[in-house]
Amino acid sequence: MIEDKTINSLEFNKIKDKIAALASNDITMARCLEIAPEADLELVRNNMQQVSDACFLMTQKQFPYARGLKDIAGSLKRAEVYANLNMTELLDVARVCGISKALVSFYRDDKREPMSLDSYFNALLPATALETAIKDAIISDTEIADNASPTLSAIRRKMHSTNDKIKSELNKLLHSSSHKTHFQEAIVTIRNGRYVIPVKAEYRSEIGGIVHDMSASGATVFIEPSVAVEANNVLRELENKEKAEIDRILSELTAMVSQFNDNIKSDYLIIKEIDFIFTLAQYSTNIRGIMPKINNEGIICIKKGRHPLLNPATVVPITIEMGENIRTLVITGPNTGGKTVTIKTVGLFSIMAASGILVPVSEGSNIPIFNKIYADIGDEQSIEQSLSTFSAHMTNIVHILNNIDNSTLVLYDELGAGTDPIEGAALAVSILEYSKSMGAITFATTHYSELKLYALTNNEVENAGCEFDVNSLKPTYKLLVGIPGKSNAFAISKRLGLSDNIINKAEQLLTDENVNFEDVLQSLEKSRQQAESERELAERYRLEIEKLKEQLLTDKDRLSSQKERILMDAKQEAKLIVQRAKVEVSALIDEIRAAQKEKDSISANKAINKAKEKIKEMDAPVIKKNIDNSPPPKTLLPGATVKLVDIDQVGTVLSKPDSNGNAVIQVGILKITSNISNIRLVQDVKQKTPTDYVRSKKGGGLSDRTAKMELDLRGYTLEEAILLSERFIDDALMSALHTITIIHGKGTGVLRAGIHKMLKSHPSVSEYRLGTFGEGEAGVTIVTLK
């Protein structure tokens, strides 16, 4: 049980107010304001897991909050005894049915792994038929639809025609020449539910009928003319029939509610719980909370914890680890340095976790829950009880010490302050020692050097300090565990302009022990700052190395992929050459057979010789085109067009050669480092691809290049893929291909969308479509060229 005083001191009520402000209805808002921490470890873990799962689901799709949810418990009880529900109550019931249906639709996913929220969502049984019946019959809180029943529709048609008949008769009377001067106004109005006309009092005898009302001045009487009496009576009868029919419809709908009563009651309770959980999830998302490990052993491991009530853009995260070997933490440092915020953060995180709210910490954090949490924070001075600040604090501390045990968290702010410093420090040490002996986890902020020494010389007690920048006179709000903080009174005073004489005199008044102790603290602080700087530098180097390693691995994978694609291209080209040769050889065989049939030896010999020439051509060695024997350039400047001899590729120089003669060359989408001995300057040379190899022909001519039928873009960026696709289409057109295939894979769809956008505007593309079964389906696009 955590006392309300502690809840207020740690500002958990403000957290509840922020959560309640996110509620979609009054019921959830009231539930949020009643949030209380639990002490049962498994219950806390289950509650936090539900909120964590809700946070995950909210990232997948929009959650249908229960907006407009009303308490229908009373309505359901009345429906059980068949007491007619009114239109508002029925609409509230229909809203519950609609929310239930929306939640079932939201949660439906056959591929999802089991979650902690399954028991709630799977238990929902939306009464869809009831919702439809109510919404079809009731338009608003005060209006039933005409088509709610055939009888009601017929009654209302008669009412409309009767209304029109009465108005027509009265309008004739109002505009008749014999009575034109008898009326105050030429209007038809209603009194006591009957149509009347305003007649001047002096002419009341001129208009036969029933007087229903008179103006305050007595100058006007409202008369129901005789010609309208019968029609008004008919209208009144129809109104009574309408009311009776509406009552019958409401009774029928109430009976349907009674039929679904158990389902609706169950859904209503589940909806309240789900809406509450998702409201907690929304707040947890807003503060970037996570589900940490939860324990009941007093182990505290807060990593980069951020107080949820501070500005997230400026809050400085804190890191604290204690509970296993350290049970007491003494925090020292200057005023406004963050000491109080630190102990409030620890207590607030424990209460938030115990209440099922995710905590704004980093992964790997471990938050304890306690049976009791006590906080002595702030100015406890009481004028009414004639208590000084010290007395008020001590009264609170006495209460704390009488109730603590080994499942208690105690937070002391400025322990022992408000009285004689020597006596206050002695009391503070004794209080901490007693708290430690009772097994409580204790945090204490102080300015007393005696407490710093106590922490240095006692087991299970640790020092911590809040860092302060003396140069800027501003706290950094960083908590340094293991090093006691300095008050920096002399340094701050000097920066603010206090005379050096006064400061020197004050320093002389300090005892040698105090001076030595402060010198040790200063030395520790300098060592810590140096170690921190070196650690940060090492961390930067580590991150840079990781980044370079990742880039190298990426480049290696890309080059490997490029190599595989080049080999595949070469194999495909060789396959096409062989296929073309087979066709030509087959034609020659046909010629030989035809000549043999005709016994034409001359033609047969010509065909045989032609086939031999073709075989020699296919057996010819592969040679590179345009072998360059020119010397390498003496100078090489960025931007120059060059050719790499070993791969017969043209590129652009990106950097001057280094001391070893190596330069970086951009070849297509690749950056290649090559020695200057492998580089030749060229002018207006068309860039070649790795597949620009030909077989020698008779007479030294060059063979025609055969375009591929498909292009594999998997592994490329969108920009690279578009460039390669455009070149691929050009090659296909040059080879007179009519249909080509572009392989882009399924993936996220980004590559497919970009390629389709390019194809849509390409002047050489007639049409394109995704592949069908057997072609690659959505992973390929079939392109028809003009």
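What you see is a predicted model, in which local features need pLDDT of at least 70 and side-chain atom pairs count only at pLDDT 80 or more, while totals for chains, interfaces and linings use all residues. Residues are numbered from 1 along each chain as its sequence is written, and side-chain values use heavy atoms, leaving out hydrogens and water.

Let's begin with the whole chain. Its secondary structure comes to 21 helices and 27 strands; these are DSSP runs (H or I with at least four residues for helices, E with at least two for strands), numbered from the N terminus. Of the 786 residues, 41% are buried, where buried means under 20% relative accessible area with a 1.4 Å probe, protein chains only. Taking contact as heavy atoms within 4.5 Å, residues 24 or more positions apart make up 66% of the contacts with a separation of 6 or more.

Now step inside. A nonpolar core here is a set of buried Ala, Val, Leu, Ile, Met, Phe, Trp, Tyr and Cys residues joined through side-chain atoms within 4.5 Å. The largest one has 98 residues, and Ile138, Val257, Phe278 and Phe443 touch the most other members. Apart from it lies another core of 20 residues, Val330, Ile404, Leu415 and Ala428 among them. Setting aside residues up to four places away in sequence, Phe278 touches Ala54, Leu57, Met58, Phe63, Tyr65, Phe106, Leu117 and Phe121.

Met322 belongs to strand S9 (residues 318-322) and is buried, at 5% relative accessible area. Beyond its neighbours within four places in sequence, Met322 has contacts that include Ile299, Leu329 and Phe443. Its C-alpha atom is 8.9 Å from that of Glu462, 140 residues apart along the chain. Thr220, in strand S6 (residues 220-225), counts as buried because its relative accessibility is 11%.

Finally, look at helices H20 (residues 718-734) and H21 (residues 750-761), whose axes come within 10 Å and cross at roughly 40 degrees. The axes are lines fitted to C-alpha atoms over the stretch in contact, with angles from 0 to 180 degrees between N-to-C directions. Residues of H20 including Leu718 and Ile722 meet residues of H21 including Val750 and Leu751.

Methods: Buried means under 20% relative accessible area, exposed over 50%, partly exposed in between (1.4 Å probe, protein chains only).
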